Structures are given as C-alpha cells and as structure tokens.
Amino acid sequence: MDAYDIKHIIFYEAKLQSRQFEYRSFAFFAVIGITLYQFFLQGQEYCVNWKMVALPCSVPLVNSYLFSVVQSLFAIIIFTDFPRREKLNGVLESIYVRPVGNGEYTWGRVLGSIILFVVVNIIVMLCCIILVN
C-alpha cells in the first residue's frame, strides 16, 4: 500500500463528499441544531435541570451523545451512497489515472469520510463549549 495514493484518495473523497447536499445538510444540522438544542438545554438562563449545568463534564457528554445520534443517521446515508457514485460518469477518473489497488481505494474512501465527520465534530464541540458557557 502506498501512502501517497491513499492520501490522494482521502483528499479527493473529502472534497467530493463536502460538495454533496447530504453532507452540507448534515453539517448545517449538526452545527446549528445541536448547538441551539444544547444552548436551550444547558444554557445558564434557560436551565431546567441543575445537574446539566452544575457538572463541568455535562457539556461535552451531552454534546457527544447528541452528535453520535445525528452522526449515526447521516453515516448510513453517506456510506450507502458509495456504490451510486461509482456508477456516475466522470466522478472517479482522476483516481483511475493512477494504478491504485482495491485496498488503497477502499481505505481512502472510508478515511476521507471519517475525516469529514471528525471535522464537523470538532466544530460542533467548539461551538457548544464557547456558546453554551
């Protein structure tokens, strides 16, 4: 396995995924939806349950719980879209220029999607930590 080829496929997959409507709706819903929900659930003015504000670990805990629920729904949508994109004409021609094995291709596609999920997770975590407290 060549690391350069895998890195190229990861970059291309991340670019291709970030242009899709499904990914953009996931990112918008995750950042705006989870931040607002957590703001109204754990905000200092709107607090209903004192344990949600009193414990310092409750903000990241609730954030990771909410993000994992949202991520599991969108991971199904994004990962089931892999075979459809392979059938579209012109989508994978920049990958087919290089001689890439099946293992490198699969690892690149999976890692590219995982990197995008991690980026959205970090953005959601920072937004919630900054805006809620």
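Gln17 has a relative accessibility of 1% and therefore counts as buried, a class that means under 20% relative accessible area, with exposed over 50% and partly exposed in between (1.4 Å probe, protein chains only). The model is predicted, so that local features need pLDDT of at least 70 and side-chain atom pairs count only at pLDDT 80 or more, whereas totals for chains, interfaces and linings use all residues. Residues are numbered from 1 along each chain as its sequence is written, and side-chain values use heavy atoms, with hydrogens and water left out.

**Gln17 and its helix**
- Gln17 lies in helix 1, where helices (H or I, at least four residues) and strands (E, at least two) are DSSP runs numbered from the N terminus.
- Beyond its neighbours within four places in sequence, Gln17 is in contact (heavy atoms within 4.5 Å) with Tyr23, Ile78, Phe82, Arg85, Ser113 and Leu116.
- The buried residues of helix 1 include Asp5, Ile6, Ile9, Ile10, Tyr12, Glu13, Ala14 and Leu16, together with Gln17.
- Helix 1 covers residues 3-18, and its 16 residues should span 22 Å at 1.5 Å a residue, which agrees with end C-alpha atoms 22 Å apart; the expected span is 1.5 Å times one less than the number of residues.

**The chain**
- The secondary structure consists of seven helices and zero strands.
- Of the chain's 133 residues, 36% count as buried.
- Among contacts in the chain with a separation of 6 or more, 81% join residues 24 or more positions apart.
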